[in-house]
Amino acid sequence: MRLLAGLASAVAVYLSLGLALGVRPTAGRRRAWVSQWPQLETGAPLAARHRFRVDRFVDWLAQAEVIVRPRQFMAVAFSVGTAGAALAFVATGATVLGALAGLAGLVAPVAVVGQRRRRLLADRQAAWPDALRDISTQLRAGRSLHAAMRQLAETGPRPLQGPFSRYQLLAAAIDQRAGLETVRAELADPVSDRIIEILMVGLDQGPSVVVDVLDELARSTTEDVRLVEEIRTAQMETKLEARGAAALPFVVLALLCATSTDYRAFYQTPLGWVVVCGGGLLACVGLVVISRLGTIPSEERVLTGEPS
């Protein structure tokens with residue numbers, strides 16, 4: 001019974017972390033990674049595969065503007081999980097609820113950073129059309145591309161002012177390409193990668209080459225932003241209901257264990273562990289399925305500017 005409960009807890013942790021990170025356990029996703037990254041094929045060095053996973057995690061943190069190392073972030077997550085488990089055990093006296101609270105505390109920092117990342121990515125993507133129109137207007141007025149990008153640091157959309165302020169400093173200290181590479185690394189998303197690549201072409205070959213491309217990119221990005229916003233708005237109510245339905249049974253269980261010795265004694269037994277872990281596993285599976293059905297496909301970064 002304890003082994004079964006442990007296995008159920010492990011699967012629940014895996015599914016919960018995957019849900020919070022936005023990674024679903026599908027074979028198709030793995031095949032897509034392997035096809036895009038040849039170094040991950042069977043027989044590739046273990047260090048290369050580990051480095052790939054670390055780079056993805058670093059990108060994930062950078063997109064959320066969380067300036068910590070992966071190990072530091074995981075240490076914080078485990079600390080929050082341990083504190084949550086201890087507080088729940090003291091409050092209810094039930095070991096199984098302490099374990100569930102520890103799991104929730106472990107996932108909470110990942111979920112918070114993931115939510116922040118999604119919001120920042122949406123803000124940046126929504127800001128790019130206005131930024132591209134500003135650049136295009138200034139190019140048509142006869143200004144240089146470098147001057148147009150410097151202007152974004154002062155009068156551009158707020159989500160892009162910070163990165164382009166750093167571009168301004170690096171362009172003056174080193175060169176313009178180094179400044180754009182810094183913007184690319186800081187934004188770390190596929191939409192920005194494409195736009196930065198176009199801007200680099202403009203630096204190399206002259207702004208007249210990219211003016212029409214920037215106008216078309218602004219139009220297509222605006223349409224993408226509008227479509228994604230409509231889909232997310234339509235899904236919001238369903239997602240809130242699903243999360244409430246998954247969390248409510250465990251809130252009731254915590255109240256019962258905190259106020260009734262009989263309930264507390266039952267959920268201390270192996271059978272009680274199996275019931276709670278089974279319920280947690282089913283709740284995680286349900287959330288993953290609902291999230292999977294409503295997931296908007298995301299692009300993988302290709303134009304990262306790193307040497308292949």
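Helices here are DSSP runs of H or I with at least four residues, numbered from the N terminus, and the expected span of a helix is 1.5 Å times one less than its number of residues. The structure above is a predicted model, in which local features need pLDDT of at least 70, side-chain atom pairs count only at pLDDT 80 or more, and totals for chains, interfaces and linings use all residues. Residues are numbered from 1 along each chain as its sequence is written, and side-chain values use heavy atoms, with hydrogens and water left out.

Just after α5, Gly-142 takes a positive phi of about 100 degrees.

A nonpolar core is a set of buried Ala, Val, Leu, Ile, Met, Phe, Trp, Tyr and Cys residues joined through side-chain atoms within 4.5 Å, and buried means under 20% relative accessible area, exposed over 50%, and partly exposed in between, with a 1.4 Å probe and protein chains only. The largest such core has 28 residues, of which Trp-128, Ile-135, Met-149, Phe-164 and Leu-199 touch the most other members. The elements giving two or more residues to this core are α5, α6, α7, α8, α9 and α10, and α5 gives the most, with 6 residues. Leaving aside residues up to four places away in sequence, Phe-164 touches Trp-128, Met-149, Leu-152, Ala-153 and Val-183, contact meaning heavy atoms within 4.5 Å.

A salt bridge is a side-chain nitrogen of Lys or Arg within 4 Å of a carboxyl oxygen of Asp or Glu, and a search of the whole structure finds 9 of them. One joins Asp-123 to Arg-119, with the closest N and O atoms 3.8 Å apart; these two residues are 4 residues apart in helix α5, and therefore separated by about one helical turn. An α-helix has 3.6 residues a turn, so residues three or four places apart point the same way. Another salt bridge joins Arg-184 to Glu-181 at 3.1 Å between the closest N and O atoms; at 1% relative accessibility Arg-184 counts as buried, whereas Glu-181, at 28%, counts as partly exposed.
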